Amino acid sequence: MTAHLLALDQGTSSSRSIVFDTTGRIVAMAQREFRQIYPQPGWVEHDPLEIWQRTQEVVREVVTAVGGPSSVVGLGITNQRETTVVWDRGTGQPYYNAIVWQDTRTKAICDELAKTGGQDRFRTKTGLPLATYFSGPKIKWLLDNVEGLRAAAERGEAIFGNIDTWLIWWLTGGPEGGAHITDVTNAGRTLLMNLKTLDWDDEILEILEIPKAMLPEIRSSSEVYGECVSPLSGVPVAGDLGDQHAALVGQTCFAPGEAKNTYGTGCFMLLNTGAEIVPSTSGLLTTLGYKFGEQPAVYALEGSIAVTGALIQWLRDNLGLIEKSADIEALAASVDDNGGIYFVPAFSGLFAPYWRSDARGVIVGMTRYVNKGHIARAALEATAYQTREVLDAMQKDSGVELQTLKVDGGMVVNELLMQFQADILDVPVVRPKVAETTALGAAYAAGIAIGFWDSLEELRANWQVQQRWSPQMVEKSREALYQSWKKAVTRTFDWVE
């Protein structure tokens with residue numbers, strides 16, 4: 001029977017399970033959406049038990065499609081990062097809903113922490129600014145606001161994990177001895193891990209009043225963490241990468257200077273900086289790229305954009321402007337340009353390179369001429385402009401001039417967006433044949449750990465170009481559009497007092 005690797009891609013809006021063969025080709029795939037919970041403005045939650053339920057459903061579906069679990073030799077996980085779950089070690093019951101990475105309820109905590117040492121108080125150790133984005137302040141909020149939780153955490157009964165930890169714990173047995181672990185890429189997004197030691201930082205834990213007993217063990221991104229229970233009994237869980245780091249691996253960006261951009265709910269660009277920890281002075285994050293087994297850790301610079309694909313979902317679900325997300329391209333193509341409007345989707349503040357939690361979304365330049373086609377086009381263009389801002393910051397920090405941008409994620413099927421992206425960057429944009437690079441990276445991490453693949457060169461050989469978009473816009477038009485975008489961004493500032 002043919003051997004396969006299974007990747008779980010636990011995103012912000014859906015649970016997906018994808019089976020790959022030795023060439024990195026997709027053999028089977030299943031996907032289920034789950035609820036987005038908005039208790040009040042700025043709060044975003046998920047039901048962790050619903051996520052686990054959807055995960056089990058998509059696993060069963062693909063395993064059946066490939067002839068049963070006997071053909072699956074390993075499993076890798078990739079996940080929405082920073083989304084925070086605290087649950088009971090003995091029962092598996094969450095103490096509260098998962099607090100999602102987009103959630104801004106911890107602004108007061110971050111502001112209080114910043115009174116000593118400013119927004120970059122922990123940046124030297126963690127590579128991250130103080131922001132509502134990261135898990136650490138979310139854990140503190142839960143400990144401060146859920147009755148009895150702090151005492152349970154100090155007793156070792158209440159345990160924390162990002163979504164990767166939650167799923168691995170359940171996959172390997174849950175209350176019956178499940179592995180309570182995370183990898184360096186996910187741990188590096190908590191604001192609690194020291195980039196140099198790759199361990200929890202005791203000083204930061206003390207400042208945030210987080211008991212160390214509730215934290216998972218930090219491991220590499222590629223090693224055997226434990227074996228699955230039913231329905232994948234005995235299959236090793238051997239890969240764990242935050243979604244953007246998984247895409248870096250799936251795009252085989254293994255050399256310093258190579259970069260990828262993932263277009264999903266948000267947009268995330270990572271630049272491999274090798275074994276060097278490159279501090280950012282331009283609003284980027286210094287983060288782990290990946291760590292394979294006993295090999296040295298590989299670091300990266302990251303630009304994180306909060307809202308890209310989520311803006312298209314908003315036009316669909318909140319405004320009813322389109323019936324399905326794919327309709328956005330035809331609607332945007334019904335006009336020749338944006339009609340003079342700019343849509344800055346700072347729904348939960350601005351991430352890189354601004355880190356402004358006081359910002360909120362705006363549409364500027366409105367006239368009677370503007371129609372829904374212009375709004376659709378401006379929404380798509382917002383993704384490309386935000387990516388340009390991140391790339392500019394990345395080149396300033398690293399001194400590396402990007403020659404080509406490798407792209408992946410759900411939005412890269414939108415050819416209008418990809419051409420505009422190439423135009424506004426003045427850099428070719430390349431989409432690989434396997435666009436599911438996030439799941440592929442998780443499969444690669446697991447496969448390297450169990451000997452399914454022998455080397456990174458073998459993985460590089462799998463990577464092939466499907467389509468390339470070259471810049472076509474004249475320089476004068478490009479810069480005029482971009483300067484208007486920059487002006488529009490300033491209109492979002494200082495909205496929240």
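Q: What percentage of the 497 residues in the protein chain is buried?
A: This is a predicted model, in which local features need pLDDT of at least 70, side-chain atom pairs count only at pLDDT 80 or more, and totals for chains, interfaces and linings use all residues. Residues are numbered from 1 along each chain as its sequence is written, and side-chain values use heavy atoms, with hydrogens and water left out. Buried denotes under 20% relative accessible area, exposed over 50%, and partly exposed in between (1.4 Å probe, protein chains only). Of the 497 residues, the buried share is 61%.

Q: How many residues of helix α9 are buried?
A: Helices are DSSP runs (H or I, at least four residues), numbered from the N terminus. Helix α9 spans residues 243-250 and is mostly covered. The buried residues include Asp243, His245 and Gly250. The count for α9 is eight of eight.

Q: Which residue just after α9 takes a positive phi?
A: The phi in question is about 50 degrees. The residue is Thr252.

Q: Why does the radius of gyration of the protein chain agree with a compact globule?
A: The radius is taken over C-alpha atoms, and the globule rule is 2.2 Å times the number of residues to the power 0.38. Because the chain has 497 residues, a compact globule would have a value near 23 Å, and this agrees with the chain's 22 Å.

Q: What share of contacts between residues at least 6 apart in sequence joins residues at least 24 apart?
A: A contact means heavy atoms within 4.5 Å. In the protein chain, the share asked for is 73%.

Key:
Helices (H or I, at least four residues) and strands (E, at least two) are DSSP runs, numbered from the N terminus.
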